[in-house]
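Let's take a friendly walk through a protein model, one region at a time. Keep the 3D view open and turn it as you read.

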Amino acid sequence: MSSDDKVQRSILPIPDIQHPGLITYDAKDKDTKFPPIRDVRPPKGSPNVLVILIDDVGYGATSVFGGPCQTPNFDKLASGGLKYTRFHTTALCSPTRQALLTGRNHHSVGMGGITEIATAAPGYNSVLPNTKAPLALTLKLNGYSTAQFGKCHEVPVWQTSPAGPFNAWPTGGGGFEHFYGFIGGENNQWDPALYAGTTPIEPPKTPAEGYHLTEDLADNFISWTRQQKALLPDKPFFVYFAPGATHAPHHVPKDWIEKYKGKFSHGWDKQREITFKRQKELGVIGADAVLTARHKEIPAWDDMDPKLKPVLEREMEVYAAFMEHTDHHVGRMLDALKDMGVLEDTLIYLIIGDNGASAEGTLQGAFNEMANFNGVPEIETPEFLMSKLEEFGGEGSYGHFAVGWAWAMDSPYQWTKQVASHWGGTRNGTIVHWPKGIKEKGGTRSQFCHVIDLGPTVLEAAGLPEPAFVNGVQQSPYEGTSMLYSFNDAGAAERHTTQYFEMFCNRGIYHNGWSAVTKHRTPWEMKGGKLPAFDDDVWELYDGSKDWTQARNLAKEMPEKLHELQRLWLIEAVKFNVLPLDDRQIERFVPELAGRPTLIKGNTQTLYAGMGRLSENSVITIKNKSWSVTADLEVPAKGAEGVLIAQGGRFGGWSLYAKGGKAKFHYNTLGIKQFGIEATKPIPAGKTQVRMEFTYDGGGSGKGGTVTLYCDGKEVGKGRVEQTQGVIFSADETTDVGCESGTTVSPGYTAHTSRFNGKINWVQIDLGKDSEDADHYISAEERLRVAMARQ
């Protein structure tokens, strides 16, 4: 960085300055002179910046921080840089990411929870205020090349459709010139729903050809950085690399899994002891640290059903393999930077986890985690799980590990992801590597840091000021503290001295070494139940100067100190938009109850051929109610074949399609139960309508119903669906008209063979028991009336 940079950078974009000199009449005049055209560049000496954010990793998971998952490339990076042992996140995905990308607390930028549960409250609406411009935008406007690879979980759900708006997407208003990745909380590693910028694209290979998302993302990072440095060697880059790994579903090639076979037979209680001992040896926890005890909500390994233990072991083997596989591809990225000669002057942040390890996989783990999100984890019986033992981690799985393993991966701390009150949910091992800016190699730093500190650190390293105005809007100050002061001074007094925490009303405050915390709800208890009143939550008090792991609760011994910190939490909560606290659960998934916008309004939605990649929030919801779908077709003389409309995929969804010339409806309940209804007569050639009506049984969520098929208003088939999915079909699969993308619902079809062989004029989804037309046929007049009503 250069101290003699004369460019005005507090107003962005940097204002153009008009040439004040002589303007001649004839360009050939000898006095014709103009200053050279110069592209914007950051101050001389500004480093490249690479931020790597791994997903859902506990402090005690990776070998670099004492865990059982072998991460030799992380180890190597740490040996050339610094390990930060008290770096913190927000305890959840979207909030951590938006805080990282903006340098502000998650409630300050409207991300008090994941986007799928946004409310109308300012701290929870998932909408980024224009007064808090992203770090990437600031860097781009100062002359950096910017790119994002991987996961983007910061787009409001009503803005995720192909119609936009795209101002919250990485290449829209996010400040990134290039984006290759996915939108949402998770994705199938074998068959992801990818975007290049805002354009949906298909993976370059199939799983059978060796495709895996992490490898693909690393390949794209390497290609992009090589091109950027080949064409613009004087222009530094800012890259944000956020793979879906190691968030569920846990997907990894089988040969990686086999490396860990039999290595976790001792169980999660013993694993914590092993990890704790190793952490002491590595010096990544305090010398006097105590291993925290297991809470009663987490079963002991010895109390688990012996018949289930092979499955439990396999879940952890898959996760460890997934983590090592991720480390391998990060290593390829680092090797590429070294080969390009830019590693020495690249400031690298490797944040190992956007929160603690995830305990969202139930007490026994899951082969398809969507079962738990639909409130029916019991559908996966021990017998079912045992039958799938060898399939965990493969294409046919959508798995997650058991709560006990998440707790073990958060060693030595209490609790897990979502529990922002305790370090198990928020403390994530972090490596900082910058040979030109950090003298010590292999050092450890124990100053308290938070993910909001990254933005200020990058700006200081680049010699850039916080902008006062961006795009004409006055900006609020960053809320983090630069970590640069600690890079070359291990003993420096910490500067981030106060930090609040809140997630799902689990809350805490850190101040000058002390922490006061209270856990309000348990992550894996997703079926609701009565929660305590906020004022009845029990607070705990810990002295971090003597108690590294929050093992000794001093609340009863020092009530005045506890009250002091409780008051400070409330002050910070008011300051940063945390209030009102909101512990509603199911209600927050319902837009009308939560208070967020919906893309589709009313009881009818019309779709057209070629529309696809429509997320669940882009399609009218048909769950827990009666509904119908009508397809207006032109069928060739040889008969109808292919998909008319499908929602979801292999792990849950439904499809109306034609096979063997006949109309068929298929409902796939969590990949476990399959229900098919077939018409008794072929679909006639020429212009025709195929219709499916679903009459819901009622009586709660996820119940069954009766399916009736019609062709041109005449009943041609009838059957039953005994169980439906009442909350969500998929976190990554979509709705497509005229074909299927990703994994498929329709039996006998793949994404490459599912295209309908005729013409689809339109497809209409209607909510309600019956069509207003008693003939089960939608006339042109009826369609026009509905269309006009929606204007």
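Is Gln723 buried or exposed? This is a predicted model, and in it Gln723 has a relative accessible area of 15%. Buried means under 20%, so Gln723 counts as buried. You can find this residue in the loop between β28 (714–721) and β29 (735–737). Its side chain makes a polar contact of 2.9 Å with the side chain of Lys673. Leaving aside residues up to four places away in sequence, Gln723 touches several others, among them Val376, Ile379, Tyr667 and Phe675. Lys673 is also one of the residues that Gln723 touches.

| Residue | Relative accessible area | Class |
|---|---|---|
| Gln723 | 15% | buried |
| Cys711 | 11% | buried |
| Cys739 | 14% | buried |

A disulfide is a covalent bond between the sulfur atoms of two cysteines. How many disulfides does the structure hold? The count is zero.

**The ten-stranded sheet**

Now look for an open sheet of ten strands, with mixed pairing, in the order β8-β7-β6-β5-β9-β2-β10-β11-β3-β12. At its edges stand β8 (199–201) and β12 (443–445); each has a single partner strand, so one side of each has no neighbour in the sheet. From one strand to the next, the twist averages 20 degrees. Helix α2 (residues 93–102) packs on this sheet, where it touches β2 (48–54), β5 (145–152), β9 (237–242) and β10 (346–352). The direction of α2 makes about 175 degrees with that of β9. Leu194 has Ile201 in β8 as its bridge partner.

Which residues of helix α1 (residues 72–79) are buried? They are Asn73, Phe74, Leu77 and Ala78. These residues lie on the same side of α1, because they cover an arc of only 140 degrees around the axis.

**A sheet of three strands**

Another open sheet has three strands in the order β1-β14-β15, again with mixed pairing. Its edge strands are β1 (11–12) and β15 (473–474), each of which pairs on one side only. Strand β14 (residues 469–470) pairs with β15 in the antiparallel sense over two bridges. The bridge partner of Phe469 in β15 is Gln474.

**A covered strand and its partners**

Finally, turn to strand β18 (residues 514–518).

Strand β17 (residues 506–511) runs antiparallel to β18, and five bridges join the two. In this pair, His511 stands opposite Trp514. β17 and β18 form a hairpin with two residues between them, and Asn512 in the turn has a positive phi of about 50 degrees. Strand β18 is also joined to β19 (residues 540–543), by four bridges and in the antiparallel sense. There, Val517 stands opposite Glu540 in β19.

How values were computed
Residues are numbered from 1 along each chain as its sequence is written. This is a predicted model: local features need pLDDT of at least 70, side-chain atom pairs count only at pLDDT 80 or more; totals for chains, interfaces and linings use all residues. Side-chain values use heavy atoms; hydrogens and water are left out. A disulfide is a pair of cysteine sulfur atoms within 2.5 Å. Buried means under 20% relative accessible area, exposed over 50%, partly exposed in between (1.4 Å probe, protein chains only). Two strands pair if DSSP finds at least two bridges between them. Axes are lines fitted to C-alpha atoms, for helices over the stretch in contact, and angles run from 0 to 180 degrees between N-to-C directions. Contact means heavy atoms within 4.5 Å. The arc is that of the directions from the helix axis to the C-beta atoms. A polar contact is a pair of N or O atoms within 3.5 Å; within protein, one must be able to donate a hydrogen and the other to accept it, and residues adjacent in sequence count only if both atoms are side-chain atoms.
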